[in-house]
Amino acid sequence: MSAECSNTSNKTSSRTLTSRQREIVRILARTAGNPIPVGAVSEKLNVSSRTVLRELPVIERWLDENDFTFIRKPGVGLSLEEGPEAVRLLEELLEIGPSRTDCSQKERRRQILGELLFVREPVKSSVFLSRFQISEGTLARDLDALEEWLSSYQVHILRRPGVGILLDGTETAYRQAIANAALEFMDGGEILRMLRSGADEDVSASSRLRKDRLFSFIDPQIVAFVEQILADTEKELGIKYTDSGYMALIVHLSLSIERLRSEEKIEMDPDELGRLSELPEYAVAEQIAQKIGARFELSIPADEVGFITMHLSSARIWPQTRRTRTQLQSVNTRQVVMSIVDRVEQELDLPFHTCSRMIEELTSHMDSMISRLSMNIQLDNSQGDAIRQKYPDVYAAVEHACELFREKLYIEDISPSEITFVAMHFAAAAETLRVEQKRIAVAVVCPSGMGASRMLAANLIRSLHQIEIRQIMSAFSLEPQKLRDDGIDLVISTVPLEIDFPSVCVSPIPQTQDVMVITRALEGIRSRRTAEVRPKPKTPAPELNLTFDDVCSLTRTGEEIAQLLHSFQIRELSGIRQTETLLGQAAGVFADSILSRQVISQDLARREGIKNTFIAELNLHLLHCRTSAVSHCRCAYIKLDAPFCVPEGTVKGAILLLAPCTDENECVEVISRISMLLVEDRRFLQALQSGDVNEGRALAEKALVKYFQNLIIKRKGDGTL
């Protein structure tokens with residue numbers, strides 16, 4: 001490949017090539033290293049040689065900007081002078097579409113990590129710059145973040161200007177990094193469901209998963225074989241794997257088989273191997289290695305047996321005949337964790353019981369910790385001094401809590417190192433909780449409480465982390481005293497308010513000046529807080545059981561979600577050149593009679609009269625209202641044959657959201673989720689604008705189902721929305 005380009009601002013992605021140009025590049029890739037006459041290319045494409053020659057300047061510029069060597073040989077033909085690895089990367093670059101280039105930061109870094117972990121030659125930075133359409137600075141920050149993550153596995157990123165990017169580490173380190181990356185980026189249960197799908201409906205998802213470099217080692221047949229091995233060893237040896245350990249073993253063993261078949265073997269320190277060979281898990285590892293060797297005709301060295309032993313020892317297995325192990329089986333780890341949480345919560349006066357993610361992670365950690373301590377396996381923790389110095393109160397509280405449960409865990413002693421691991425979970429949660437206690441409580445308001453306010457709330461959540469949005473409501477239901485009783489500090493509205501309460505008025509999609517207005521209001525509230533201590537609003541104890549009213553409300557919500565998704569459509573309208581015409585035409589989308597159309601039109605016009613619903617940043621009208629002309633939630637996208645101009649900008653389409661006139665709030669809440677989705681996931685609006693009703697409905701369904709799940713959790717009192 002040619003020298004790496006330093007200027008990335010004008011790089012050309014695969015999306016700037018026409019389909020014919022991409023086909024020409026694919027032909028060059030298939031014949032890489034061997035010249036192909038222009039006539040042969042034109043024959044394959046069924047076009048003239050002159051047509052191919054007209055396309056070459058664009059193709060040549062694209063290949064040059066992306067660091068691929070393209071040569072024209074007069075009288076001979078066209079040649080792409082690249083090796084197999086570069087050709088493969090070129091073919092992947094050609095397949096990149098909008099969904100790949102617009103991926104999130106986490107997804108982009110995952111793909112970069114997967115690429116680097118599975119190549120043994122340098123990768124040009126231009127490959128990533130072109131694939132993801134990012135700057136060199138962004139790539140540098142991505143690599144810095146990945147290097148920090150990889151450093152815990154003793155894998156390092158080598159960056160050589162003009163040469164490329166390459167990882168450096170031992171085979172053991174590579175395997176640890178690959179396996180843990182796979183487990184971190186994909187839920188274990190989801191991997192199993194995909195791989196067990198066979199010919200079922202999830203087979204396409206499974207295929208997509210395995211095409212990802214990070215998961216390329218996972219093969220359904222190998223996984224099925226590994227699962228059978230683990231089932232056999234449990235039965236034959238009287239052992240038991242934990243759920244988390246079981247999934248980790250499947251991933252590690254599947255990876256080991258693939259690496260062995262590729263002749264990538266582990267070399268283990270003799271002293272470490274000797275220590276592992278003394279563990280009871282070593283005999284289990286020998287049986288597993290024997291079965292793997294027989295099945296795949298592989299010679300399994302002792303180092304690989306030690307590697308398997310290392311993972312078995314952390315998977316919490318034990319002979320059922322040993323009393324201490326049997327007793328440990330009966331320990332309900334989650335109960336132990338909740339007892340520790342209660343004790344630490346009492347000492348620190350922080351609501352750790354609300355940190356569901358921390359509790360889940362701590363439960364998983366305690367599973368492995370109990371197993372390690374029962375087998376007298378110690379782990380070093382270099383963060384002990386730092387944790388004790390920075391979080392002395394957290395460490396002391398955790399130490400006191402662990403003291404209470406040594407007898408229950410049948411463990412004589414819990415080392416400072418293990419206490420530090422537990423304290424790290426609480427320290428991270430304490431940081432979050434203390435930040436939340438400093439947040440300013442906000443109510444977000446618009447005329448109806450169902451459209452602009454939801455869009456404003458979604459934008460505020462993304463841009464102002466120091467606020468906590470406690471309520472989203474209609475301007476007509478504002479009661480200053482109730483706001484004070486609920487602990488609200490500030491009202492942020494899309495319309496001017498005349499109330500005896502701190503408030504600001506901003507756009508549904510806040511601009512720079514809006515953010516400045518909000519920031520000044522927040523600073524004023526903080527100043528007042530320093531002069532007075534406001535009592536915390538009383539929070540009722542969470543109900544652990546659903547009431548009959550809850551069941552009725554959830555049923556109504558589920559019905560409205562189903563009705564909205566069933567009605568979801570994209571309607572193409574022509575000849576609309578002003579907002580009034582748009583309102584009249586939109587009213588007919590869900591009308592079942594002339595009278596109902598008139599009612600909807602009047603209700604939409606009334607809402608438009610309160611405040612303009614045009615969202616300039618999205619180039620659309622957010623048409624929404626309550627109306628007696630519908631009995632359930634309705635949603636449609638109005639696609640215009642041509643945009644038209646209004647004083648605030650250009651109208652390219654409209655979202656139509658209708659809710660029935662009812663005293664219940666379920667309809668408004670469901671409708672509002674669609675308003676929020678426009679801001680939270682830009683793929684939704686892209687699907688609507690492109691006319692892809694199936695993709696639009698799928699994204700809406702995902703968001704509404706998630707909302708419904710969270711609503712159930714909130715009603716049970718186990719979490720919040």
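This note goes through the predicted model in numbered points, from the whole chain to single strands and helices.

1. Basis. The model is predicted: local features need pLDDT of at least 70, side-chain atom pairs count only at pLDDT 80 or more, and totals for chains, interfaces and linings use all residues. Residues are numbered from 1 along each chain as its sequence is written, and side-chain values use heavy atoms, with hydrogens and water left out.

2. Whole chain. There are 31 helices and 13 strands; these are DSSP runs, numbered from the N terminus (helices H or I, at least four residues; strands E, at least two). Of the 721 residues, 48% count as buried (under 20% relative accessible area, with a 1.4 Å probe and protein chains only; exposed is over 50%, partly exposed in between). Take the contacts (heavy atoms within 4.5 Å) between residues at least 6 apart in sequence: 71% of them join residues at least 24 apart.

3. Strand S5. All 7 of the 7 residues in S5 (residues 440-446) are buried. Ile440, Val442, Val444 and Cys446 cover one side. Ala441, Ala443 and Val445 are on the other. In a regular strand, side chains alternate between the two faces of the sheet.

4. Neighbours of S5. Strands pair if DSSP finds at least two bridges between them. S5 runs parallel to S6 (residues 467-474), with 7 bridges. Ala443 has Gln471 as its bridge partner there. S5 also runs parallel to S7 (residues 490-493), with 4 bridges. In S7, Leu490 is the bridge partner of Val442.

5. Five-stranded sheet. This open sheet has the order S9-S12-S13-S11-S10, with mixed pairing. S9 (569-573) and S10 (614-615) are the edges; each has a single partner strand, so one side of each lacks a neighbour in the sheet. S10 pairs with S11 (residues 620-627) in the antiparallel sense over 2 bridges. Ile615 stands opposite Leu620 of S11.

6. Helix on the sheet. H28 (residues 594-610) lies across S10, S11 and S13 (649-660). The helix runs at about 115° to S11. Axes are lines fitted to C-alpha atoms, for helices over the stretch in contact; angles run from 0 to 180 degrees between N-to-C directions.

7. Helix pair. H6 (residues 105-117) packs on H8 (residues 136-151) at about 65°, with axes 10 Å apart. The two are therefore roughly perpendicular (65 to 115 degrees). The H6 residues in contact include Ile112, Leu113 and Leu116, and those of H8 include Leu139, Leu146 and Trp149. The contact residues divide into 10 nonpolar, 2 polar and 4 charged (nonpolar: Ala, Val, Leu, Ile, Met, Phe, Trp, Tyr, Cys and Pro; charged: Asp, Glu, Lys and Arg; polar: the others, Gly among them).

How values were computed:
Parallel < 35°, antiparallel > 145°, perpendicular 65-115°, else oblique.
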